[in-house]
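Colleague: Please show me the model, and then we can go through it in questions and answers.

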Amino acid sequence: MKFEKVVIKKDDKVKVLTGRDRGKIGKVLKVLRKKDRLLVEKVNMVKRHTRPNAKNRQGGIVESEAPIPWSNVMLMCNKCMASTRVSHKTLEDGKKIRACAKCGETIDS
Ligand SMILES: [Zn+2]
């Protein structure tokens, strides 16, 4: 399966399948296509030591998300409230949308 065919986009809700944050659900903050990785809100938090800067005058330890492989997550369906496979639907006007493979609920709005 190639990444281009995996239809996870920014602002999607995904469930983590493996690793330390298994079972966590979060919003996709960023898709790093070239690295096949995603940044997911509050998932794979790492502590970083920072120097004082304009944002953080004291510096110190800041927690932030680290990218995880896209294959570690699955898209969530809002209707099933579960992770789901994605199917594609083509609307009457030719627009392609993503839908839940289980219940048919549209994922793109
Ligand atoms: Zn569904």
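Colleague: How many helices and strands does the protein chain have?

Modeller: This is a predicted model, where local features need pLDDT of at least 70, side-chain atom pairs count only at pLDDT 80 or more, and totals for chains, interfaces and linings use all residues. Residues are numbered from 1 along each chain as its sequence is written, and side-chain values use heavy atoms, leaving out hydrogens and water. Helices (H or I, at least four residues) and strands (E, at least two) are DSSP runs, numbered from the N terminus. On that basis the protein chain has zero helices and ten strands.

Colleague: Which residues coordinate the zinc ion?

Modeller: Donors are N, O and S atoms within 2.8 Å of the metal (3.2 Å for Na, K and Ca); water is not among the atoms, so sites may look incomplete. The donors here follow the spacing C-x2-C-x19-C-x2-C along the chain. At 2.2 to 2.3 Å, the zinc ion is coordinated through SG atoms by Cys77, Cys80, Cys100 and Cys103.

Colleague: Is Cys100 buried or exposed?

Modeller: Buried means under 20% relative accessible area, exposed over 50%, and partly exposed in between (1.4 Å probe, protein chains only). Cys103, at 32%, counts as partly exposed. Cys100 has a relative accessible area of 1%, so Cys100 is buried.

Colleague: Which strand holds Val16?

Modeller: Val16 is buried, because its relative accessibility is 3%. Its contacts (heavy atoms within 4.5 Å) beyond four places in sequence include Val43, Ile68 and Val73. The element that holds Val16 spans residues 13–16 and is strand 1.
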